[in-house]
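Reader: I have a structure open and would like to go through it with you. Can we take it piece by piece?

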Amino acid sequence: MISSINTMESGLAVCLLVIAIACLFDRHLLRACWLLILFALLMSVAWWYLNAPWLALVEVVLGGVLTGGSFLYALRNLPSQRSPIVRYDHTQVGWSHRITRVLLTVAWSLMLGVAIQFLLPDMALSLTEHPLILAAVVIVSVGMGAFALHRHLLRRLMAFNVLGSGVFLMLAGMADTRPSSQALISVGLVIAWLGSLLGVLLIRRLVEQEGSVALDGEQSSTRLPS
Amino acid sequence: MMWRFGLYDPSFDPLWMTHWALAGALLLPIMAGLLGAIFRPSRALPVVLACMPILVAGVLMVIDYQQAGLLRWQWVIGDIEFTLRFSGLSALMLLITQWTAAAVAMYTPGYLRLTYPDLNNRWIWPLMGLLVSALSLIWLAADLLTLYAALEIMGLAAVGMLLLSGKPAALKAGMRYLLLALVGSLAFLLGIALLLSQWGSLNLAVLVELVEQEPITWVAAALMGAGLALKAALFPLHGWLTPVHENAWTPVSALHAALVIKASLYILILLWSILLPETLLAPRLIAWLGMLAIVWGGLVAWRADSLKTLIASSTVGQLGYLMVAFPLLLGPGIAPLPLALAWDGFWLHLMGHALAKAAMFMAAGNLIIATGESSLNALAGTSRRLPLSLLIFGIASVTLMGLPPSAGFTAKWLLLQSMVLTQQWVAVAALMAGTLLTAAYVFRVFRYSFDETAPRHDYQPLAPGMDLIALCLAVAALALGLLAHLPLALLHGGGA
């Protein structure tokens, strides 16, 4: 089985995984944004590798430039704001919150694992048979966990984007890059961009009205005078 | 079951005029929306004129359906197949969507003029147009790619509309809704990915033939079910609904509660009847949650302090009735008679609720505009000063309570009959309890309004037609019960 490991594919999978995790758990928001853009570019390399050049182009334009640009725009200082926008997530979450989220993520990963095992029986024999799918499953699990764990709105939006890319990669890995799956992924990329753009505009509106505190999610919203 | 969704081969091709009607029904709402953004109508008349061609297109399609039976369109663009089907169910849902949305659109100019006279509110029109187009596409779509795209467009347009009021509370509620809806759609997409990789097709009619009961199908059904339940605000996942409705504009809430939530529910029942025919556990689980939803939604509405919270919680409870019907539609060994009764009752309840809930939101919006407050206490004394708005609220709640002769009564009667035939006594009890709870929270509103000792306020006068439009919707919900044979004939026409 060792001989069947493809160096290029494995390297790509490892890079995707490392950058996704770095992006999800970096409290420095600007750095996380750049990591997200790097992740999108790597995704487009993955599409190229999977023989979907058009999808690679769509990923660069929509995932890299437009979505990444939206996130960078979210972190630009507002013209009317006295204090600059806070680019660091200081939110602390309690241990009970963390433990429940980790348990949920484990349950979610188990469900995905079961599905994959039925779909691709050769994965059960050797996990490294399809490194990209393996990376996608881990990205989907970790992305879901990060989405549930984080309180900061921008980080949740970023987690959604990483999770989405993981889902697209799983889709392509399981169903090949046939035209219908490429169309599904393209629609998904457009939706992810529009959703991120809407979220970013919303976040800027919120910051404009209430300051950067408003970004810390639902917990702090109760403390604010309404 | 599948012929009910029109997933069989049609006998006739659509006529040339039907192609134009289809194009009109799908594209005209967007164009009307763009016109609205440019001209920003401040009276109802231009809106009526813009709605006319859309309604005509819808009626033409229904007439063609009655003549030719199921209509199907199929295009292949670069190896990707797009399929639309116009069945009796699609016809009904399209009509309800277009007429409810037209009523909401006519209500909007007056509402905006009274509440936000100097706000730049051009965005509501294109978003509303986009929403109606996406909804129409959902009722027609017969492949998973179109369904996914339409569902997402609808979701984003809905989020955009809910944010328009611009208050911080609305923005926060909207952000939460946006994040949940986006993640829900990813779960949905993952389900599609599993189906595509296992069965190799996105076409629903092909999937019906291919799908077998095995773990991969169950995981896909679970993923899609979770994503859609989140978007449809089915019971344990309904937390986002109340804050969103509380802070949104009245016409937007009306459209959202009446149609947007129902679209996700429609997709859920469509996909599950393909993926999980004759299963025991999943529909049973939904039904148990539905019973909890009926009780929980009723109790929260009963304890509510503000009018909009009451209506939003009542939506959660009313969706419970539809959830309780799931085992009757999908369960194993259901005899044809109870199945047919439950099927009729399900869609009749969905339509009646759409009309009544839109009317109720509008009536509540009128009361809130007139009194200037959204709490129930502010209703004191309104029975003398605003009898018409209160009457509309009452007629709409007749449908929600399920008193004869409303659509709610007929639908509940059909559902009860089906439940008695299949001996689901717990569901019968839940339906009864729901009726009592609905009566409790509705009469609580009236108790406040009949408070004669209240000091006299100066009430803001309403724009002409605002009460009339709400009254038309409420009466339509009532009449749907008396004339239930008309929509049901259309629903059964799929077999012809």
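Reader: Where is Gln424(B) placed?

Author: Gln424(B) sits in the loop between H17 and H18 of chain B. Helices here are DSSP runs of H or I with at least four residues, strands are runs of E with at least two, and both are numbered from the N terminus.

Reader: Before going on, what kind of model is this, and how are things numbered?

Author: This is a predicted model, where local features need pLDDT of at least 70 and side-chain atom pairs count only at pLDDT 80 or more, while totals for chains, interfaces and linings use all residues. Residues are numbered from 1 along each chain as its sequence is written, chains are lettered from A and ligands numbered from 1 in the order in which they are written, and side-chain values use heavy atoms, with hydrogens and water left out.

Reader: Back to Gln424(B). Buried or exposed?

Author: Gln424(B) is buried, at a relative accessible area of 16%. Buried means under 20% relative accessible area, exposed means over 50%, and partly exposed is in between, with a 1.4 Å probe and protein chains only.

Reader: Which residues does Gln424(B) touch?

Author: Leaving out residues up to four places away in sequence, Gln424(B) touches Arg284(B), Pro327(B), Leu328(B) and Met419(B). Contact means heavy atoms within 4.5 Å.

Reader: And Gln423(B), buried or exposed?

Author: Gln423(B) counts as exposed, with 57% relative accessibility. Gln423(B) is also in the loop between H17 and helix H18 (425-449) of chain B. Its phi is near 60°, a positive value in a residue other than glycine.

Reader: Which peptide bond is cis?

Author: The bond from Pro404(B) to Pro405(B) is cis, with omega near 5°. Most peptide bonds are trans. Pro405(B) belongs to the loop between helix H16 (387-401) and H17 of chain B.

Reader: Now the whole chain. How many helices and strands does chain B have?

Author: Chain B has 20 helices and two strands. Its C-alpha trace spans about 70 × 55 × 40 Å along the principal axes.

Reader: What about contacts in chain B between residues at least 6 apart in sequence?

Author: Of those contacts, 82% join residues at least 24 apart.

Reader: Change of topic: H20(B). Which of its residues are buried?

Author: In helix H20 (residues 485-492) of chain B, the buried residues are Pro487(B), Leu488(B), Leu490(B) and Leu491(B). Seen down the axis of H20(B), they fall within an arc of 155°, so they line one face of the helix. The arc is that of the directions from the helix axis to the C-beta atoms.

Reader: What is on the face turned away, and what covers the buried residues?

Author: The face turned away from the buried side carries the exposed residues His485(B) and Leu486(B). The cover of the buried residues includes helix H2 (44-68), helix H3 (88-115), helix H14 (336-371), helix H17 (407-421) and helix H19 (466-482) of chain B.

Reader: Since H19 came up, where does Val475(B) lie?

Author: Val475(B) lies in helix H19 of chain B. Val475(B) is partly exposed, with a relative accessible area of 37%. Val475(B) and Ala356(B) are 119 residues apart in sequence, and 8.5 Å apart in space, C-alpha to C-alpha.

Reader: Last one, Thr18(B). What does it touch?

Author: Thr18(B) touches Asp64(B), Leu71(B) and Trp73(B), not counting residues up to four places away in sequence. Thr18(B) is in helix H1 (residues 16-39) of chain B and is buried, with a relative accessible area of 0%.
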